[in-house]
Amino acid sequence: MSDNAPVSVVVVDDHPAILSGIEAWYAAARRPITVVAAGDSVREAWTAPGSTADVVVLDLQLAEGGPAFGSLRRLVDAGRQVVVYSMRDDEKTALNCLDLGAATYLTKSEGRDHLVEATLAAADERPYMPPALAGALGTNTRADRPQLSVREENVLIEWFQSESKELVAQRLGISVRTVNSYLDRVRIKYANVGRPARTKASLVARAIQDGLVDVDDL
């Protein structure tokens, strides 16, 4: 999606004030963002017009039950870009959502600017790590930090900062196949220490936890 292309959003939240606030924030955004559907059930994301929205903004705790992890997984499996927007600010919940494939995890305390930026990043399929979450993840002293080679770290960071693996390959003077090989090795190393990172967003979170990258570098 181009930098100025309009973005359509479906918002799933069971608090009317939150829904109204989000619509107002998007209306004032620097790039056109339109809420095409909104409501208190994930059904909004599966039925027209919400079924074709570029981004799903999903409250994790809906009136219909506990944390909507199952709904998140089904949306991701269907190829949807999901921004989880939640009152919960614990590391375990955030990483679980990222591992399930959420584009990013945003706490409701972070406000308008971060929700707008997270939504645009999701529409453009770019990683976005809001500062509050980055601070919660950034420990730098984990005993289970995998030992990455310098080259693995370089490829990982370049991938975070690039729109595609093809661009990473061009910048580093290697093939796309080699880029994939390095990223696969990184994922294996994280899995081997019990910290799986199956998606780009979850790898960003792991890298921030381990001090490999700062949120300002993304």
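I will start with helix α4, residues 91-100: seven of its 10 residues are buried, so the helix is largely enclosed by the rest of the structure. Buried means under 20% relative accessible area, exposed means over 50%, and partly exposed is in between, with a 1.4 Å probe and protein chains only. The buried residues of α4 are T93, A94, L95, C97, L98, D99 and L100. After α4 comes G101, with a positive phi near 115 degrees.

Before going on, a word on the source. This is a predicted model, in which local features need pLDDT of at least 70 and side-chain atom pairs count only at pLDDT 80 or more, while totals for chains, interfaces and linings use all residues. Residues are numbered from 1 along each chain as its sequence is written, and side-chain values use heavy atoms, with hydrogens and water left out.

Now the whole chain. How many helices and strands does the protein chain have? There are 10 helices and five strands. These are DSSP runs numbered from the N terminus, with helices being H or I of at least four residues and strands being E of at least two. The chain has 218 residues, and 48% of them count as buried. Among contacts with a separation of 6 or more, 65% are between residues 24 or more positions apart; contact means heavy atoms within 4.5 Å.

Next, the sheet. The five strands form an open sheet in the order β2-β1-β3-β4-β5, with parallel pairing. Two strands pair if DSSP finds at least two bridges between them. From one strand to the next, the twist averages 25 degrees. Axes here are lines fitted to C-alpha atoms, for helices over the stretch in contact, and angles run from 0 to 180 degrees between N-to-C directions.

Two pairs of strands, in detail. Strand β1, residues 7-12, runs parallel to β2, residues 33-39, and six bridges join them. One of the residues involved is Y85, whose bridge partner in β5 is L106.

Two helices lie across the sheet strands. Helix α3 lies across β3 and β4, at about 160 degrees to β4. Helix α5 lies across β1, β2, β3, β4 and β5, also running at about 160 degrees to β4.

Now D59, in the loop between β3 and α3. Is D59 buried or exposed? Its relative accessibility is 3%, so D59 counts as buried. Leaving out residues up to four places away in sequence, D59 touches V12, D13, D14, H15, A68, Y85, S86 and K108. An unreviewed UniProt entry annotates D59 as "modified residue: 4-aspartylphosphate".

Last, some backbone details. Most residues other than glycine have a negative phi, and most peptide bonds are trans. A48 and P49 are joined by a cis peptide bond, with omega about 0 degrees. P49 sits in the loop between α2 and β3. E125 is not a glycine, yet its phi is positive, near 60 degrees. E125 is in the loop between α5 and α6, and it is exposed, with a relative accessible area of 58%.

How values were computed
UniProt positions renumbered as here; feature names shortened; annotations may be inferred.
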